[in-house]
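Subject: Handover of a structure for your study

Dear colleague,

Please find below the structure that I am handing over to you.

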Amino acid sequence: MLKEEKSVIEPKAYDYTALSDFTCCKYKYFLRHVLGLVGIRPPIAADFGRVIHMCLDEWYKSFDIDKAIAILKANWKDFPEDEKRTLAVGEKILRLYNEKYKDPPFKVLKSEISFELPIPDTDKSLMGRIDKVIEWHEN
């Protein structure tokens, strides 16, 4: 009896996570990016970063630290297994950022811009997001 073979389709686009996973552990890359197996929830660090970015997006619009912290409180809950990424730490990060950039030396023109670039001589591409496009003020 012949064993049934399943076809594995290699991704057509690569992002930072895929390249990082491939560099760190080829088996992890295979499981995650070829077979599509992912964890039950996003990694805590990635989720925390996503929420901090949401807060900073609001802060750049309004320069109101209280609004930014309200977004943090509405979108984050602490996990007992992670003492580094807590509401208290998030609030401290935002307050320190607010102090440092009360009068920012730049203007945010756009944020979270997706891109996809073809990789020459292949049918593959590199994709990602640009965090912020800024314009520096002249001194």
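The charged end of Lys26 lies over the ring of Phe22, at 4.5 Å from the ring centre. Please bear in mind throughout that this is a predicted model.

The whole structure holds 11 aromatic pairs. One of them joins Phe22 to Tyr29: the ring centres are 5.3 Å apart and the planes stand at 85°, so this pair is edge-to-face. Planes must be over 60 degrees apart for that name. Phe22 has a relative accessibility of 39% and therefore counts as partly exposed. Tyr29, at 6%, counts as buried, because buried means under 20% relative accessible area.

Another pair is that of Tyr97 and Tyr101, with ring centres 4.7 Å apart and planes at 50°, so the pair is tilted. Tyr97 is partly exposed, as its relative accessible area is 23%. Tyr97 and Tyr101 also belong to a cluster linked by ring pairs, whose other members are Trp59, Tyr60, Phe63, Phe106 and Trp136.

I turn next to the charged side chains. Side chains of opposite charge can pair when their charged atoms come close. In this structure the count of salt bridges comes to 10.

Lys12 is partly exposed, with a relative accessible area of 47%. Asp123 also has a value of 47% and counts as partly exposed.

Asp123 forms a salt bridge with Lys124 as well, and here the closest N and O atoms are 3.6 Å apart. Lys124 is partly exposed, its relative accessible area being 22%. Through shared partners, salt bridges join Lys12, Asp123 and Lys124 into one network.

A further salt bridge connects Asp21 with Arg32, with 3.2 Å between the closest N and O atoms. This pair links distant parts of the chain, since Asp21 is in helix H1 (residues 16-24) and Arg32 is in helix H2 (residues 26-34), 11 residues apart. Is Asp21 buried or exposed? Asp21 is buried, with a relative accessible area of 5%. Arg32, at 29% relative accessibility, counts as partly exposed.

The next topic is the strands. S2 and S3 run antiparallel and are joined by 11 bridges. Within this pairing, Ser111 has Lys132 in S3 as its bridge partner. S2 and S3 form a hairpin with 6 residues between them, and Asp121 in the turn has a positive phi of about 60°. S1 pairs with S3 in the parallel sense, over 2 bridges. Ala13 stands opposite Ser125 in S3.

Finally, I describe the chain as a whole. The protein chain has 5 helices and 3 strands. From the N terminus on, their order is β-α-α-α-α-α-β-β.

What is the radius of gyration of the protein chain? The protein chain has 20 Å, whereas a compact globule of 139 residues would have a value near 14 Å. Along the principal axes, the C-alpha atoms fill a box of roughly 70 × 40 × 20 Å. Of the 139 residues, 22% count as buried; Tyr29 and Asp21 are among the buried residues. Among contacts in the protein chain with a separation of 6 or more, 51% are between residues 24 or more positions apart.

Yours sincerely,
A colleague

Conventions
Residues numbered from 1 in each chain as written. Predicted model: local features only at pLDDT ≥ 70, side-chain atom pairs only at ≥ 80, totals over all residues. Heavy atoms only, no water. Phe/Tyr/Trp six-rings, centres within 6.5 Å; stacked < 30°, edge-to-face > 60°. Buried < 20%, exposed > 50% of the residue type's maximum accessible area, 1.4 Å probe, protein only. Lys NZ or Arg CZ within 6 Å of the ring centre and 35° of its normal. Salt bridge = Lys/Arg side-chain N within 4 Å of Asp/Glu carboxyl O. Helix = DSSP H or I, 4+ residues; strand = E, 2+ residues; numbered from the N terminus. Pairing = 2+ DSSP bridges. Rg over C-alpha atoms; globule rule 2.2 N^0.38 Å. Contact = heavy atoms within 4.5 Å.
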